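Work through the exercises below with the sequence and the 3D structure at hand, and try each task before you read its solution.

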Amino acid sequence: MAGHLAVEDVLRPDRLRIELLDNPIIKIEDVTKIYKLGNIEVVALNNVSFTINRGEIISIMGPSGSGKSTLMNILGCLDITSAGNYYLEGLNVSAMKDNQLAEIRNKKVGFVFQTYNLLPRSTAWSNVELPLLYSNASNIKLKVSTALSQVGLTDRAHHKPTELSGGQQQRVGIARALVKNPSILLADEPTGNLDSESGNEIMKIIQNLNRETGLTVIIVTHETSIAKYTDRIISVLDGSIVSDIRQKAATVTT
Amino acid sequence: MTLWATFMTALNSLSANRLRAFLALLGIIIGVSAVISLMSIGRGSQATITDRIQNLGTNLLSISPQPDEVLTLEDAFSLIDPIHTPSVKAVAPQISTSGTLIAGKERRRTQIIGTTPEALSVRSFTMKSGTFISVPHVTDSQEVIVLGSQVATDLFGDRDSVGEYIRINSKRYTIIGILAPEGGTSFGSVDRQAMVPITTAYYRILGDKTVHGEIPVQSINVEAHNHTLMEKASEEIQVLLRLRHKISDEDDFVILNLSDVIETLEETTQTIVIFLGIIAGISLLVAGIGIMNIMLVSVTERTREIGIRKAMGATKQDILFQFVTESVLLSFVGGIIGIVFGIGISQLINGMNLGNQMLRTVISYDIALLALLVSSAIGLFFGIYPAIRASALHPIDALRYE
């Protein structure tokens, strides 16, 4: 079983290495999600299973209504499953209460949204600081300035979102996602509202984060031009996975 | 989230929409300042009434005859009796009538009180100038008069008129003294009265002709030796007068204890103060509803913000606490400003002249503290429902909200 090592495994380093590599950061087991709209039941996800390993960069693709948004909400612990299990770093998230989910979102998930979702009246600094305020974080100043420098926005720290370009706003969004040092980065159409140049910059930052720090990245998109920068593409249609393809990721050039 | 972070977040959110925050504040400010100024007016009038009665003397009993019955001057003097009424210190019977005082071209119709020398101590009068009525004035029914301060001013202006004459019913009266003003301008104030010897009032002004001791008096003011002897004095007087009047059933007189009157009046004014407080409290309640209204609008407007915060790991309690903090902050700050305004208004209207009545306010800091607590509690109470609405939002729905 993943995550449980026997004594003999520890004594054999080669097996230990394999065990760690195979240890999935995300394990989705027969997950079904059903929405009730009045008397009608809508099956948004139907018996979906897959695993994502630590350090992978993958894209989830599918047209609107395919269930990819539902899948993203579940992966981001914003929603719970109707049936099946979701393990994030070995923790069964599908059995958790609201407050535990909030804690998981705070500690393990970094969100990047298509519409940035920054607090409009707060500065870049305050936006990045936000996740730290919902936990007993120490060294807040250091963490915020580190996250801002990771996305190259140190000099824009005290600007409000309205004073920043779309690309800069999205970089604030990424800094906010990174500040808690999450287990996974979940990006929902991160370039959807950007021109191709800014979009490329954002993809470069995300790809570099994955390659340099080994951060696990999941990008939800319907654009193949984005998906090509990931080394695995999961396609969703009508609530089921129709393909799961591994590829050699293209490197983002700007 | 730490308390400080919550506080700063609330402050930022409120300052982001200053006009709206100000309008919500305004309701609380008006409510609290209304409570404080109305209560201080209430307490001020209470103090005025109490003071005025206490001016009459707290050791004072007043005896008056029942309707169609008679108390005589002799009854009054009989109360000075160390054996039957040891608690009685002094007795001042009085007759009240009215007449026109003429001094040169000035005429004033005033209340004329026939009284005895003891009134000076019993009613605790002080003389502005001259002397009070003395014993020979009474025994000889002399035509002398003591003027209340207002009467003296009306007739003679600021000039000291002691030694001058005035006329009542074409008889000449010598002014022997002028009383110091007692303050208070309500009906019955000694400032608007004139005093003559009780015998003079009876024989000369009323023009009656009875044997000296049988002069009927309207009331007898009795001073007890001290405040604690009031009950005892009252009982002693009752026994003595019943004996004198040979009464076996109902008393033909009434003994009024002025402390009882004060108590009754205080109870009455207390009711008025509470009533004023309730009216002002209603405005505070309305202000609370205003806060709730504004917080509900705020929750709807900031749905997306709530979604973002939840996605970043805010729990239900974090969101609840944030919105409650905002409304409590509003009502607390409004309460403080309201206290400042309320105290200002109270000081401004203190001493204001309303016709012939001076408005007096007494600022009570217990009321100020209470108003602050109540307004904060109102912020808490009316802030909870919008805060619960905010905290119950599902993160996905909140994030999707346009």
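**Exposure, charge and pairing**

E267(B) is exposed, because its relative accessible area is 54% and exposed means over 50%, buried under 20% and partly exposed in between (1.4 Å probe, protein chains only). This is a predicted model, in which local features need pLDDT of at least 70 and side-chain atom pairs count only at pLDDT 80 or more, while totals for chains, interfaces and linings use all residues. Residues are numbered from 1 along each chain as its sequence is written, chains are lettered from A and ligands numbered from 1 in the order in which they are written, and side-chain values use heavy atoms, with hydrogens and water left out.

**Exercise 1.** Find the helix that holds E267(B), and the patch to which E267(B) belongs.

*Solution.* Begin with the helix: E267(B) lies in α9 of chain B, where helices are DSSP runs of H or I with at least four residues and strands are runs of E with at least two. Next, E267(B) gathers with E231(B), E235(B), D260(B), E263(B) and E266(B) in a patch of negative charge on the surface. Such a patch takes residues with over 30% relative accessible area and no salt bridge, like charges being joined within 9 Å; a salt bridge is a side-chain nitrogen of Lys or Arg within 4 Å of a carboxyl oxygen of Asp or Glu. Finally, α9(B) gives the most to the patch, with 4 residues.

**Exercise 2.** Which strands of the open sheet in chain A stand at the edges?

*Solution.* First read the order, which is β2-β1-β4-β5 with antiparallel pairing; two strands pair if DSSP finds at least two bridges between them. Then β2 (40-53) and β5 (91-92) of chain A are the edge strands, each with a single partner, so one side of each has no neighbour in the sheet.

How values were computed: Patch = residues over 30% accessible without salt bridge, like charges linked within 9 Å, V, L, I, M, F, W, Y side chains within 5 Å. Areas by Shrake-Rupley, 256 points an atom, 1.4 Å probe, with all protein chains shown as cover. Lys, Arg positive; Asp, Glu negative; His and termini not counted. Charge placed at Lys NZ, Arg CZ, Asp CG, Glu CD.
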